[in-house]
Amino acid sequence: MTTAPQHPSAGPIFVIGSMGSGTTLLRLILDSHPNIAIAQETGFMRAVLAQKWIPFWKFGGEWYSRLGWTEDELDGELQKFYDSVFGRFAREQGKQRWGDKSPYHVWHLEQAARVFPNAVFVATVRHPGAVTASVHKRFKYALPRAMYHWVRVNLELTYQAAQLGDRLALCRYEDIVLEPEATLREMLTWLDEPWSADVLEHHKVHSQRGTPAQVEGRTRSDRPISTEHLGKWATVLDDRARARLRDQTSLAEFYGYDVDDPQPRRSWPPGDGSWRRIVTGTDIAKRMAEYGDRIDFSTRPGPTPENQLLKPHVRKKLAKAHHDQATARAIARRRTDGDVDASPDPEPATPLPARARALLGRATRQLRR
């Protein structure tokens with residue numbers, strides 16, 4: 001093992017991306033670096049929201065101002081508190097830099113950037129077919145819902161990346177597993193961390209450390225970086241699912257994917273004549289301008305209720321969301337048991353933009369055929 005370098009001024013690292021996009025693999029890799037400590041996902045930004053707005057109280061956003069505090073002052077105290085909590089976790093491993101990996105923190109990037117002005121953000125994206133198959137298999141999402149998960153999260157990620165600019169770096173899962181050393185060298189350079197060969201053998205690092213073999217999302221910490229799962233999704237999606245997948249051609253191409261090909265395109269991102277494995281939010285903003293006539297980036301899906309400030313009206317949204325999730329699980333169970341007459345999947349509780357409603361409507365009609 002290499003000796004931990006001294007990087008006392010380096011800020012926290014937030015690892016984000018849709019479920020099934022390789023965020024856990026990237027967490028395990030970065031956590032094996034001698035200077036970086038990233039625990040299993042904590043989701044602590046929901047706690048930050050609750051500290052900004054006392055849940056379900058109409059005056060919940062005023063509590064600190066009643067004490068003469070400004071939001072900037074509150075943010076400063078929150079930063080100190082969480083730096084202390086996560087910092088101890090890092091120091092216990094002999095490391096200086098802490099991080100967090102929570103996929104749904106995609107919906108909290110604006111607050112995270114505000115509370116932690118020295119933080120940086122590392123995002124992963126993966127082929128929509130692979131994410132759809134992964135979420136469908138591991139989390140029992142119906143295929144239309146799994147596909148919509150990829151769409152809504154990556155639309156939000158695209159918007160937030162453009163806002164964060166050079167504070168955010170994005171890499172593709174496929175580049176990590178196909179060319180791990182080249183991709184991780186670029187990543188660590190962007191993070192201003194020295195190269196460590198430990199990141200290529202994260203499975204050995206975690207085995208020696210005593211990390212459980214199976215961690216979040218059923219990911220195995222004891223297995224090396226591998227291309228094993230690169231094209232497995234092609235055996236999961238049937239012809240109807242593939243037809244629905246082709247509706248996402250524009251957003252897939254935005255990230256350098258062909259919806260029918262598990263292999264990513266090498267020309268990623270086109271525009272400046274170069275090919276890089278790590279791109280920044282500034283690069284993504286430029287690419288958004290190129291795709292403005294093909295993708296409506298102005299229509300954002302919005303966070304699910306549990307990822308919003310918990311104002312009184314959100315309670316009803318949460319109740320409806322839980323009801324819809326229970327209904328979706330019941331439908332999935334009936335289909336698993338061979339009930340071909342199971343009703344079609346309900347739309348997500350969060351109101352959908354017009355284009356998303358059209359796509360889901362088309363998917364539902366195809367399911368009924």
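# Legends to close-up views of a predicted protein model

The protein has a mean pLDDT of 86, with 85% of its residues at 70 or more; pLDDT is the predictor's confidence in each residue, on a scale from 0 to 100. Because this is a predicted model, local features need pLDDT of at least 70 and side-chain atom pairs count only at pLDDT 80 or more, whereas totals for chains, interfaces and linings use all residues. Residues are numbered from 1 along each chain as its sequence is written, and side-chain values use heavy atoms, with hydrogens and water left out.

Figure 1. The protein has 14 helices and 6 strands, where helices (H or I, at least four residues) and strands (E, at least two) are DSSP runs numbered from the N terminus. Of its 369 residues, 50% count as buried; buried means under 20% relative accessible area, exposed over 50%, and partly exposed in between, with a 1.4 Å probe and protein chains only. Among contacts (heavy atoms within 4.5 Å) with a separation of 6 or more, 74% join residues 24 or more positions apart. Over residues 1-9 pLDDT stays under 50, and the model has 21 contacts beyond four places in sequence for them. Over residues 340-350 pLDDT also stays under 50, with 35 contacts beyond four places in sequence. Where pLDDT is low, the predicted coordinates should not be read in detail.

**Figure 2. The second largest pocket and its lining.** The second largest pocket holds about 370 Å³ of space. Of the 17 residues that line this pocket, Trp107, Glu110, Gln111, Pro303 and Asn307 are the closest to its centre. On a 1 Å grid over the protein atoms alone, a pocket is an open set of points where a 1.4 Å probe fits, with protein on both sides within 12 Å along at least five of seven lines, and lining residues have an atom within 4 Å of a point. Grid points are joined across faces, edges and corners, and the volume is the space filled by probe spheres set on the points. Helices α4 (109-115) and α6 (143-164) each supply at least two lining residues, and the largest share, 4 residues, comes from α4. By class, the lining has 6 nonpolar, 6 polar and 5 charged residues; Ala, Val, Leu, Ile, Met, Phe, Trp, Tyr, Cys and Pro count as nonpolar, Asp, Glu, Lys and Arg as charged, and the others, Gly among them, as polar.

**Figure 3. The buried face of helix α8 (residues 180-190).** Thr183, Leu184, Met187 and Leu188 are the buried residues of α8. Seen down the helix axis, these residues fall within an arc of 130°, so they line one face of α8; the arc is that of the directions from the helix axis to the C-beta atoms. An α-helix has 3.6 residues a turn, so residues three or four places apart point the same way. The packing partners of the buried residues of α8 are α1 (23-31), β4 (120-125), β5 (168-172), α7 (173-178) and β6 (278-280).

**Figure 4. The two sides of helix α12 (residues 281-290).** The buried residues of α12 are Gly281, Asp283, Ile284, Arg287 and Met288. They cover an arc of only 150° around the axis, which puts them on the same side of α12. Lys286 and Ala289 are exposed on the other side of this helix. Elements packed against by the buried residues of α12 are α6, β5, α11 (249-254) and β6.

**Figure 5. The loop between α8 and α9 (202-209).** Asp192 is placed in this loop, just after α8, and takes a positive phi of about 60°. Its relative accessibility is 53%, so Asp192 counts as exposed. Glu193 is found in the loop between α8 and α9 as well, but counts as buried at 6% relative accessibility. The C-alpha atoms of Glu193 and Asn35 are separated by 8.0 Å, although these residues are 158 residues apart along the chain.

Figure 6. His203 belongs to helix α9 and is buried, with a relative accessible area of 14%. Not counting residues up to four places away in sequence, His203 touches Ser221, Asp222, Arg223 and Pro224. His203 and Ile29 lie 8.4 Å apart in space, C-alpha to C-alpha, and 174 residues apart in sequence. Arg218, in the loop between α9 and α10 (239-245), has a positive phi of about 65° although it is not a glycine. At 48% relative accessibility, Arg218 counts as partly exposed.
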